[in-house]
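These are my notebook entries on a model of two protein chains, kept in the order in which I looked things up.

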Amino acid sequence: MSEAPLSEAPVVELIDVQKWYGAFHVLKDVNLSVRKGEKVVVCGPSGSGKSTMIRCVNRLEEHQGGRIVVGGIELADDLKAIEAIRKDVGMVFQSFNLFPHLTVLENLTLAPLWVKHIPKAEAEDLAMQLLKRVRIPDQAKKYPGQLSGGQQQRVAIARALAMKPSIMLFDEPTSALDPEMVKEVLDVMIELAGEGMTMICVTHEMGFARAVADTMVFMAEGRVIETAPPQQFFSDPKSERTRQFLGQIIGH
Amino acid sequence: MIKPEDDIHNALAAADVEEPSQAVAPANSVWKPLSWAKSNLFDSVPNALLTLLALLLLWETVPPLLSWGLFNATWSVADGTAAACRDGTGACWALMGEKNRLMLFGVYPYDQHWRPLLATAIVIAMLATSALRRFWLPALGYAWLGAVVVVAWLMWGGFLGLTYVETAQWGGLPLTLGLALLGIVLAFPLSIVLALGRRSNLPAIKAICTGYIELVRGVPLVSVLFMASVMFPLFLPEGVTIDKLLRALAGMTLFTAAYLAEAVRGGLQAIPRGQEEAADALGLSYWRKMRLIVLPQALRLVIPPIVNQFISCFKDTSLVTIVGLYDLLAATKAALADPEWRPFFVEGYVAAALVYWCFCFFMSRYSQWLERELATGTRR
């Protein structure tokens, strides 16, 4: 849990968000409010809509009802608004999604060069700093396919950070990793949390959640079932559904 | 006339071919022809029968072909008539010596043949240069720009001391090469736009691109060329004419683009959704996402079908003869119209086929090299 005081104004706000895939109602009245510097960890059984929710925040998925406001800009069909939000919101995917035809360094400099139009030398300096931060500066000239899963995910985090976002979204960042590589990625994320980054993180890593979360969110069947600070969430969950879920993933 | 030294040379060359490359690599690295033949050619009764059948077929076809094409062939004639060829029993390659200029340059004014020759040489030299990765520099673009201007000046003339030659007189290899090259260069970007359009979320754009591709793919190239050449001028106002060559080029381009678009679309579909999502999440606009992330990967995947289409386009240029243009094949046919040499049409077509084959084989090999050269994404 971070000790820094949190400001009150929300930087991400979901109000009664609804989403359907065809006839299937995947998000039902989802409400979420994230303040600057807050770390929110979202958990829940598979199919509960947690990934869909986080993907709505940067409009990888479109919501059909309710409102989503990010950094004071409401997400609607306005392409300019969407691009502005995406510039300020970094995302890390379960399957890394690095660009395989570009080197690690090029993966990191691509968006700063083409979206922010900063000079190449500056972009490369920043990229090298970030690679040092995720502890793989020696891999800069390699291609993603030459790295291990853990290294690839750390590159993906660095790539998102290269845009200097004020909010980071993590969509099950360690789910596709071999067990021995989970820690190296979580360490980078814990470090990032310690630096005051606003984070929304979908994960099943409850140890990580205990270490960094300010707020725990539990989702099931497309609804937010419970929102609570971690001590209360883990020791005394209000909902039976939450208790059952925690029992399943922590019990053994 | 048969040159004895050629005989020996060819016999030696034939002997060279017999020597197989290291087919099996035994531990002691000694090559044993007998054991190799036993284990690969005669290891079972059906296999032995097939081997014998293949040998019989080779015995029946190769020696007659060699004696016709090489040993008994007539390579040159002294008097400019086909008399020596009519007396001989082999191929009449002397035809090439007598008719090569007509075959290569068609009805381009005879005393100006150095112009298409030089133009073709420039284009081939530029193609060879562009093929090498170390020349993939911005300067290459300017070099091509300069080459295009010089080639256009050589072919058309009309200023700086060269007499004007209208496109109706162009022919032979320069025409084939020019049509194919321009067709490919123009069709490729168009095909990318069509493929992207067919995958677009905007219904109108998707409908237009899909309709275009399906319409063009549904008709033969001959009819597209015919429409471009015969029907299209009917819709033009009185007095307005568009160059025949340009109309044929437009037809070729539009036709090739439709096929290429489908090859490109195949590549686009093979790119995982996550690549686009990652580009979106970074805030890249649609066109940057396509140019920097999706197309470089998609096009690399579909190099084989794309080059397939290029080869197809190169050979399809021979169809422009139906709208009255003299490409390499039509020029060859015209060269064979001379009654003196008409009996030797086979040699003429073999020679033309060889020219087509050289270009197509180069494209095919080059595409294989390019695939390996660009395979960074899968490099481990």
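Entry 1, burial in chain B. I count a residue as buried when its relative accessible area is under 20%, as exposed when that area is over 50%, and as partly exposed in between. The model is predicted, and I read every value below as computed from it. With that cut-off, 38% of the 380 residues of chain B count as buried.

Entry 2, overall form of chain B. I looked up the secondary structure and found 16 helices and two strands in chain B. The C-alpha trace of chain B spans about 70 × 65 × 40 Å along its principal axes. I then took the contacts in chain B between residues at least 6 apart in sequence; 69% of these join residues at least 24 apart. Chain B exposes about 21,400 Å², and 69% of this area is supplied by carbon and sulfur atoms.

Which residues of chain B form a nonpolar patch on the surface? I noted B:Phe42, B:Val45, B:Leu49, B:Leu52, B:Leu55, B:Leu58 and B:Val62, which together have about 660 Å² of accessible area. I followed up B:Leu58, and I place this residue in helix α3 of chain B, residues 45-71. B:Leu58 has 49% relative accessibility and therefore counts as partly exposed, since the class of exposed residues begins over 50%.

I next asked how much area chain B and chain A bury between them. The value is about 2,100 Å², with 61% of it on carbon and sulfur atoms. On the side of chain B, the residues that lose the most area to chain A are B:Glu277, B:Ala281 and B:Leu282, together 27% of what that side buries. The contact takes 24 residues from chain A and 22 residues from chain B.

I recorded a count of one salt bridge between chain B and chain A. B:Glu277 forms a salt bridge with A:Arg55, and their closest N and O atoms are 2.6 Å apart. Helices α12 (273-281) and α13 (286-301) of chain B each supply at least two residues of the side that touches chain A. For polar contact across the interface, I found six residue pairs, both residues of a pair being at pLDDT 80 or more.

- Is A:Asn97 buried or exposed? I class A:Asn97 as buried because its relative accessible area is 9%, and the cut-off for buried is under 20%.

I placed A:Lys183 in helix α6 of chain A, residues 179-194. A:Lys183 counts as exposed because its relative accessibility is 55%. How far apart are the C-alpha atoms of A:Lys183 and A:Phe208? I noted a separation of 9.5 Å for these two residues, which are 25 residues apart along the chain.

Note on methods: Residues numbered from 1 in each chain as written. Chains lettered and ligands numbered in written order. Predicted model: local features only at pLDDT ≥ 70, side-chain atom pairs only at ≥ 80, totals over all residues. Heavy atoms only, no water. Patch = residues over 30% accessible without salt bridge, like charges linked within 9 Å, V, L, I, M, F, W, Y side chains within 5 Å. Areas by Shrake-Rupley, 256 points an atom, 1.4 Å probe, with all protein chains shown as cover. Salt bridge = Lys/Arg side-chain N within 4 Å of Asp/Glu carboxyl O. Helix = DSSP H or I, 4+ residues; strand = E, 2+ residues; numbered from the N terminus. Buried < 20%, exposed > 50% of the residue type's maximum accessible area, 1.4 Å probe, protein only. Contact = heavy atoms within 4.5 Å. Buried area = accessible area lost by both parts, 1.4 Å probe. Polar contact = N/O pair within 3.5 Å; in protein donor to acceptor, adjacent residues only side chain to side chain.
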